[in-house]
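The structure comes first, then the details.

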Amino acid sequence: AQVPVITLDGPGGAGKGTLAGKLSTWLGWSLLDSGALYRLVGLGALRENLSVDIDDDIQRAADQARALDVRFIAGDDGQRIELAGENVTQTIRQDEIAKAASRWATIPAVREALLARQRTFAAAPGLIADGRDMGTMIFPEADLKIFVTASAEERARRRHEQLSAQGEPASLSRIYREIVDRDTRDASRKASPLKPADDAYVIDTTGDSVTASARKVRDLVVAKG
Ligand code: C5P
């Protein structure tokens, strides 16, 4: 049989990353943070000033995506991400990088370039795959598909709290706008748009604590055996 896969898809800030990390620790399975791959493409493109409107630049971004020299190093508080030996864990969490990632993620050549690599993460004893199209495109045969969502207001509030805790002032209304922009771009693109797989279980975490959401996910996993 194939390696078991659980997919967690959903919009930004719904808490997928946290839940995927908890699930991977709990089950002892490996983790694919596919959003990080798109963020790395966005980072590379920003650094090289590439434009999604220029064919040569698209080609260059796709080549970079295919050749990404990335390492995910498991640690106590999540994964450290290295790009060609540089620790970019914090850098790629910036909202500017999220925006660049979602722009480049609309480009089919970039998605195609990341496809095979994402599938190589499936290794025994199992994989937790976190992203937008894990259940619809990358692992359509997954054993359990979960779509994690929360209202845009709540996701903006969470991001705002997170930034405040980091001592970075930001306006809640601007964060909200950026979240809605990114959702719209992710859900309306032609290439692998953000949407629940037909056979996905939808979990709405609006109003839930992390513990409460984690329990919902865990209950699903237990119920599916
Ligand atoms: O999940 P995260 O916020 O890190 O993803 C950043 C961006 O990468 C998303 O807004 C989306 O545009 C893109 N992405 C994607 N497909 C995935 C994961 C992320 O298009 N599987």
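Gly12 sits in the loop between strand 1 (5–9) and helix 1 (16–27). Helices (H or I, at least four residues) and strands (E, at least two) are DSSP runs, numbered from the N terminus. The model is predicted: local features need pLDDT of at least 70, side-chain atom pairs count only at pLDDT 80 or more, and totals for chains, interfaces and linings use all residues. Residues are numbered from 1 along each chain as its sequence is written, and side-chain values use heavy atoms, without hydrogens and water.

Gly12 is buried, at 11% relative accessible area. Buried means under 20%, exposed over 50%, partly exposed in between (1.4 Å probe, protein chains only). Beyond neighbours within four places in sequence, Gly12 contacts Arg132, Arg155, Arg182 and Asp183; contact means heavy atoms within 4.5 Å.

Gly13 lies in the loop between strand 1 and helix 1. Gly13 is partly exposed, at 43%. Residues up to four places away aside, Gly13 touches Arg155 and Arg158.

## Ligand shell

The ligand is surrounded by 17 residues (a heavy atom within 4 Å). The closest are Arg39, Arg111, Asp133, Arg182 and Asp186. By class, the shell has 4 nonpolar, 4 polar and 9 charged residues. Here Ala, Val, Leu, Ile, Met, Phe, Trp, Tyr, Cys and Pro count as nonpolar, Asp, Glu, Lys and Arg as charged, and the others, Gly among them, as polar. Helix 2 gives the largest share, 4 residues.

## Polar contacts

Polar contacts here are pairs of N or O atoms within 3.5 Å. A side-chain N or O atom of Arg39 is 2.5 Å from a ligand oxygen. For a polar side-chain atom of Arg182, the distance to a ligand oxygen is 2.7 Å.

Note on methods: Polar contact = N/O pair within 3.5 Å; in protein donor to acceptor, adjacent residues only side chain to side chain.
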